[in-house]
Amino acid sequence: MEQLPAAHPDLRTLEQAAGDGDAGEASLDAITSRAFVVREHGRVVAAAGYRAWPRHTAHVSVLTAPEARGRGLARVTGSAAVGQALVGGLLPQWRARTPASRRVAGALGFAELGVQISVEVA
């Protein structure tokens, strides 16, 4: 595993490979921490980081390329990001709306505490 700056172009390439829906859900483009990444054949296939929020909160973002899913890479990178947040005195939170994201969050010890609702005003 290696670390990259949040604005590194290899992270944008991962987002493109994952597609707009998954990239938007992960919000990797909004992290303020360094990204923890796993590469295969030189290409980033999984990454995680967090965005520092008010009240010492770290909003965790994790994204895995479609062809690399199901091998535990989200757990590995997500764990590194959570560990970094804790070392920095932050409280990690994970917005897990998809079943896969919920499984990873649960594997890392997160407990479901509520539901997030978004409202769009026309």
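Before going on, the model is predicted, with local features requiring pLDDT of at least 70 and side-chain atom pairs pLDDT 80 or more, while totals for chains, interfaces and linings use all residues. Numbering runs from 1 along each chain as its sequence is written, and side-chain values use heavy atoms, leaving out hydrogens and water.

Helices (H or I, at least four residues) and strands (E, at least two) are DSSP runs, numbered from the N terminus. Strands pair if DSSP finds at least two bridges between them.

Strand 3 and strand 4 (residues 57-64) are antiparallel, with 8 bridges. Their hairpin has 3 residues between the strands, and Arg 55 in the turn has a positive phi of about 65°.

On to strand 2 (residues 35-40), which is joined to strand 3 (residues 43-53) by 5 bridges, again antiparallel. Glu 40 has Arg 43 as its bridge partner in strand 3. This hairpin leaves 2 residues between the strands, and His 41 in the turn shows a positive phi of about 55°.

Next, Trp 94, in the loop between strand 5 (91-93) and helix 4 (99-107). Is Trp 94 buried or exposed? Its relative accessibility is 15%, so Trp 94 counts as buried (under 20% relative accessible area, 1.4 Å probe, protein chains only). Beyond four places in sequence, its contacts (heavy atoms within 4.5 Å) include Val 60, Val 62 and Phe 110. From Trp 94 to Ala 111, 17 residues apart along the chain, the C-alpha separation is 9.3 Å.

Methods: Buried means under 20% relative accessible area, exposed over 50%, partly exposed in between (1.4 Å probe, protein chains only).
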